[in-house]
Amino acid sequence: MKRIKKLYLENPIFKFMASYSAVLLLPLIICMAGYQVSFKIVEEDIKTTNLTMINHSKNMIDSQIQALNGLVMQVATNPTITSIVETKSIEDKMFYYEVDKAIQLLSTIVRHTNLKMVENIYIYLEHVNYVMTPLTLYKADFYYEHILAKDKALYREWTTQLTNEKNHDKYLVEGDQLEHRQVVPVKFNTPASGAIVVELNEEEIRKFFNAIDFNEGCYMYIEDEDGNIITQLPKEEEIPARIDFADIEGTEGIVEQTINGQKMISLYAVSEVNGWRYTLVLPEQVIMKDLLGLKQFTGILFGTTFVIGLWICYYMATKNGRPLKEVIKYLKESLLVSDLDSDVDDIDNLGGTISKILSQNHNLQEELEKQQPLLETAFFQRLIRGEFTSEKEIDLIAHSINLTIQSNKYIVVNYRIFANNDFYTIDTQTLKEVNVTLVLIKNRLKQSLANKMYFYEVDYLTTAAIIELNQESDYDIFNQIEAIDKRIIEEYNVTPSWGISNEFTSLLEAWRGYEQARKALKKGVEIEGKSILCYKEIVENTNQYYYPTAFEQRFITYVKGTDATNLSYLFEVLSAENFEKRNLEESTRKKLCMEISSTVAKIAGPDNYTCYQESLEQLEKLMTCGDAESINEYFEKLYEIYIELGNDFKKTKSQSQTKLSNKIIEYINEVYVDPSLGLGMIASKFNISEGYVSSLFKEQTGINFAEYVESYRIKKACELLMDTSLNINDIGQQIGYNSVQSFRRAFKRIHGVSPSELRKKR
């Protein structure tokens, strides 16, 4: 060490060499760190883009699954079909007449369903051992052997599995066929009399992932909550390995694992609708192909630069007698005429490569902007389904997709063209004409109404418009739409049908406005010569109970959010709609009671539902009485059940958060010596966002994340100060501080004295 110091002090060439080397290394290190940060950002962007693509496809499949569930429940709860399923003998002459009606009804329901995922649907009648399809009636054994082309030896097992009471909203794979099964009737504690089976077209599911290139070792699979494979891509090849999610939490994320000796990046998203997990597995060299090439090129470039830099340092050191300015000028001139031109070209190429990355990021931003219509569609879909829990949530989501919705009153207008035509087999030319007509009507609405409005395409013939009202009433809107309707008929020779909801003052009520407009539109189509109908003009069917799907969704949302105020409001609406506006018969009241019990089962789950079953049975007796006092008592006790459900859900969620918080604290206590410990490190470890880590930690512990880390490190520092002879610098490094100055400031901030002073006092 002394010899090196002497050489540095006495040898001017060595002094210049050391100085210039330090000047060379500092920018190289800074640049390398900057490139590493850039690479990390681009890498995360690539992963996030693929995850966004998976979520988009998942949401589209969820929409189809929800529609399919609605179709199956429509069939399962239809009185005509239920009656056929529960028939125990075919000797009755009316049996085949009723079967014919049921087949026609099933055919109509299937025809009205625009679900490409549905490949086949049939109903198994256990008591009479028949299978009913939208076309005809078959003996069950004949249908199994000749239509389904299955092994006759497995027939008994097939019939037994069909009526298994576990087949409630069940998706499973039978051989090469993906099926959805629903036992009938849909009643709790009632033996199954049959089953509805919907055979799904896996090819249609896989089409949602056409944008993914499954070459070079990429593969994807969808699994249900029990870990059963629903489908996979590529279909022909066996999945090399499945990701172990036992210790992975969260509904979406990115996991890096080594599979068969190869580093793989796994991106997953979990459906909130049915719990299916969508997992895409990509080899790192595929997803990061361009980035890895850039990294390799950058490493070679920096190595070359370092070698040349050392040569330049030596060259400059030998010119110790010249002024620094002349040395720099000389080096610049020598670089222009030397043989280093190829290296200069490499630098130019590096600049071009970085420009290309920036250009790709710009293109990605433009692509995200193109997704704006899809984001708006998803927003309004959630709005009319009643999936938002508060006005604040609506405002935040709307702001995130650049929507500004501000008004005190709203109405929903549903309009449909070709109301009496189905177009279930439609050619491309007709579809284009329909789209053009809908665009013309939308433009006419925008031109004629000064109100701000938002459109949502219900289907290819029907559009819903949420219209902001300023000072106008819905009566003024009615007159304006009447004028617009006449103009459309005159200009385009098309007669639309219109349904107008009542006014509502909160976007949280948009789902109800949509239901009213939908019902008004449907009723108006049935009335000849009535192309425009307001909901207030409809005389409700007093024999039909009120409990729409969107209403049930609101119940579930408010219970899980423990929102007692809005929950109480929904009970008022339910009571008014069913027992003030309607005069329900006893059988209809029982059906309403069954629907409500079904909602409780959905929230509580099969394991916890038994806790409420006895209470619900007692409530059913109150509903059967039908008098006002019994009905009021029914809703009061039902409200208590829902509040209890919400508290149970909140307790379960709180326990889960506490468990996660404890895991985070244990992990901090293990790795506190790592200087890079921070929110990002914790978020990466537990596959959650940094914001969620921060808010969860504050909520569970009462202090900020940074405060806890700092206090724990200083606590360990105090132990080292008392129990060891380590100097202050070494202690700071051992507890995770990069510099002794940072350690001293943190220590004094907590204890009010420096580490040295505390050691002397003790």
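**Exercise 1.** Find how far helix 18 (residues 564-579) reaches from its first C-alpha to its last.

*Solution.* Start with the length: helix 18 has 16 residues. Helices here are DSSP runs of H or I with at least four residues, strands are E runs of at least two, and both are numbered from the N terminus. Next, take the expected span, defined as 1.5 Å times one less than the number of residues. Helix 18 reaches 22 Å, close to the 22 Å expected.

Before going on, note that this is a predicted model, where local features need pLDDT of at least 70, side-chain atom pairs count only at pLDDT 80 or more, and totals for chains, interfaces and linings use all residues. Residues are numbered from 1 along each chain as its sequence is written, and side-chain values use heavy atoms, leaving out hydrogens and water.

**Exercise 2.** Work out how the axes of helix 21 (residues 628-671) and helix 23 (residues 690-701) cross.

*Solution.* First, the axes, lines fitted to C-alpha atoms over the stretch in contact, come within 10 Å. Then read the angle, which runs from 0 to 180 degrees between N-to-C directions: it is roughly 100°. The two helices are therefore roughly perpendicular (65 to 115 degrees). Finally, look at the contact (heavy atoms within 4.5 Å): residues including Leu 660 and Ile 664 in helix 21 meet residues including Leu 696 and Phe 697 in helix 23.

**Exercise 3.** Identify which residue stands opposite Ile 123 in strand 2.

*Solution.* Strand 1 and strand 2 (residues 130-132) pair in the antiparallel sense over three bridges; pairing takes at least two bridges found by DSSP. Within this pair, Ile 123 stands opposite Met 132.

Terms used: Angles under 35 degrees count as roughly parallel, over 145 as roughly antiparallel, 65 to 115 as roughly perpendicular and the rest as oblique.
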